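Below are some questions about how terms are applied to a structure. Each reply sets a value against its definition.

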Amino acid sequence: MPPVLRATGLTKVFGAREQEALRLAGEGVGRDEVQRRTGSTLAVHDVGFTVERGELFVIMGLSGSGKSTLVRLLNRLIEPSAGTIEVDGQDLRALSDADLRTLRNEKVSMVFQHFALLPHRTVRENAAYALKIRGIGAAEQRERADWALRTVGLLERADARPDQLSGGMQQRVGLARALAADSEVLLMDEPFSALDPLIRRDMQDLLVRLQTELHKTIVFITHDLNEAMRLGDRILMLKDGRTVQLGTGPEIISAPADDYVADFTSDVDRTRVLTAGDLLREPRLTARLGQPAGEVLRALGAAEANGVYVLGEDGRIAGVARDDLLARALQEGRTALGPQELVADFATTAPDRPLVEFVHLVGRSAVPLGVVDDDGRLLGVVPRAAVLDALAAVPARRGA
Amino acid sequence: MPDIPLGRWVADLIDWLLATVPWLFDAISAVMQVLVDGLTGVLATAPPVVWIVVFTLIALVVRGWGLALYTVLAFLLVVSLELWVETMQTLALVLVAAVIATAIGVPIGILAARNRAVSVVVRPVLDSMQTTPVFVYLIPAVFFFGVGVVPGVVATILFAIPPGVRLTELGIRQVDREVVEAAHAFGARPGQILREVQLPLALPSIMAGINQVIMLALSMVVTAGLLGAAGLGAVVVRAVTQLDVASGFEGGLAVVLLAIFLDRLTAAFGQTTALSRLVRGRARRTLPGRTASDAGEPARAGAPEPV
């Protein structure tokens, strides 16, 4: 499937000597030097990426990194100096003003940092704003707006004015306004930055829930790497208007591209970013039902382990064989590993769960934490060492 | 220093205009005369009690009991001073001048807010309009329109335009940029943004501008009286020439009473009024979980949210 959004070589120069600044930037001259020589600001330089349908793509950078400019280039609220933007294969820069307005109205919605609601309109009228511009009938406007407000949990405040709502609620209206437009692409410019931490967490949860239901294509701007890691399928790290790194959260944490990224990742709560899948190791030892007990016991001794996962014919975990129990079985003359020798002394998790949800289970049993798929088959294990390793890991570049 | 005959040039320009487009000044003159005469007729011929009731009701709806009470007392005082007709003549002159000044000033303000070039050109023109001594306006006004009410109205209009332009431009420029950006982001047309976002949000500032326009117009009535416009200005001018302290005081007092009425009334436009408070208060009481005391409270990011 083609990407919903494709940006190529996006560049923006603010200031009079645009062409000269572009030429210098093309020669690899840095932002400060371009500013000094031309007096123009190189806000964004040569940024390219694609966003797939249903993906939540995060653009992450500090203030001044050009992220707010970049997101506005994507719907041409700011006219790019160079580069192309395609939405559903349509070249935005080739569109007439009228066609661009139609595209913004129907295909690309935006959520703003300070909500940007119309203070003189009710919550419902704000939610219906795109539809009103579209010229849709009043009844359908109301129906769509009410659906969007219900989706964000604000329907009962539909007749209030924005200034009667708290900040978190106002941003829900901002979100409802974007959802009611039913556009494919959502551009979110630091939507939760102006909110209190607890409310921000609620809003992130809301966005995650909406995304599992609605599968929008989202470009999400933030300066908070924890937020980026929590929400983003992929993250683009922006610095001084240029791409520093593009990858998934765990990729960025485990292999930061430079010191700038490494500095960021050192503050990240890894337990929320790294998943069981990221920490997965091949089990050093497994046993099969019916295997000779003596052989299993010897293998355990060789591996200096106290227990082992015993798998059934289908690869599912039948239980755990413990060395003390195996020894007793042998003494009592039972030589084959049967179900009666096994105990349920183990814990499992799914590969997509974050570390914070299973860290308390690691190291509790004789066997390492098992990672199983939806059918209960053992994919691998998370030994205690792997967890400690991941939590302690100082990014390689940083230590160097 | 060479002698630059700047004044001569301006005088020549005025002569040339008079010779070239006399019909234009005749037309303007006729329209003004009809407007002022018509409005004066409506205001001055009906019995005072009719208009006092009307003014009081307007004051009550727009502002509340306080202004309504003031309106009754102030206009009764005007009647007892036997200046009712003159006051209504002045009111007509002020209203015509203010409406025309607003009709010229607000669109220029909108243009200036949307177009930097217009803004750059308009600003020094406004500065010179506001600093030119009032009487200087009168000379060309008399040349173009003779004596009577029309040159007074025209001079008043010119004098009263600047705040309308300035506060309209300021109001539109001060509208939250992100809100305007949001309108663009959802595909609104420039005209829609102006009508549905910029003008409504700039309204308090624009209304403050209109309030200023009216006040400046009122301050010109005495000057207009010099040119022969009927009304309170004529009363004051006559008192000055005859050194009649008593009628001078009474005429001046009537101007002040009218000024306070118009100022309080127009200052209330664009703000929360008794009527809209009533309507909004009722709407709020029907909402669950909130009380009317939350009215107008600013957004609190940390407030607990029912989900």
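Q: How do you know which domains chain A is divided into?
A: An automatic or database domain assignment supplies the bounds: domain 1 of chain A covers 5-107 + 183-268, and domain 2 covers 277-390. Their C-alpha centres lie 45 Å apart. The model is predicted, local features need pLDDT of at least 70, side-chain atom pairs count only at pLDDT 80 or more, and totals for chains, interfaces and linings use all residues. Residues are numbered from 1 along each chain as its sequence is written, with chains lettered from A and ligands numbered from 1 in the order in which they are written.

Q: Why are S11 and S13 of chain A said to stand at the edges?
A: The open sheet of chain A has the order S11-S12-S13, with mixed pairing. Strands pair if DSSP finds at least two bridges between them. Strand S11 (286-288) and strand S13 (317-322) each have a single partner strand, so one side of each lacks a neighbour in the sheet.

Q: What makes S11(A) and strand S12 of chain A a pair?
A: They are joined by 3 bridges and run parallel, and at least two bridges are required. A:Arg288 stands opposite A:Leu311 in S12(A).

Q: Why is H9(B) called roughly antiparallel to H10(B)?
A: Helix H9 (residues 177-185) and helix H10 (residues 190-219) of chain B pack at an angle of about 170°. Angles over 145 degrees count as roughly antiparallel, so H9(B) is roughly antiparallel to H10(B).

Q: Which residues of H9(B) meet H10(B)?
A: B:Val179, B:Val180 and B:Ala183 do, against B:Ile193, B:Val197, B:Gln198 and B:Leu201; contact requires C-beta atoms, placed from the backbone, within 7 Å.

Terms used. Axes are lines fitted to C-alpha atoms, for helices over the stretch in contact, and angles run from 0 to 180 degrees between N-to-C directions. Helices (H or I, at least four residues) and strands (E, at least two) are DSSP runs, numbered from the N terminus. Angles under 35 degrees count as roughly parallel, over 145 as roughly antiparallel, 65 to 115 as roughly perpendicular and the rest as oblique. Two residues are in contact if their C-beta atoms, placed from the backbone, lie within 7 Å.
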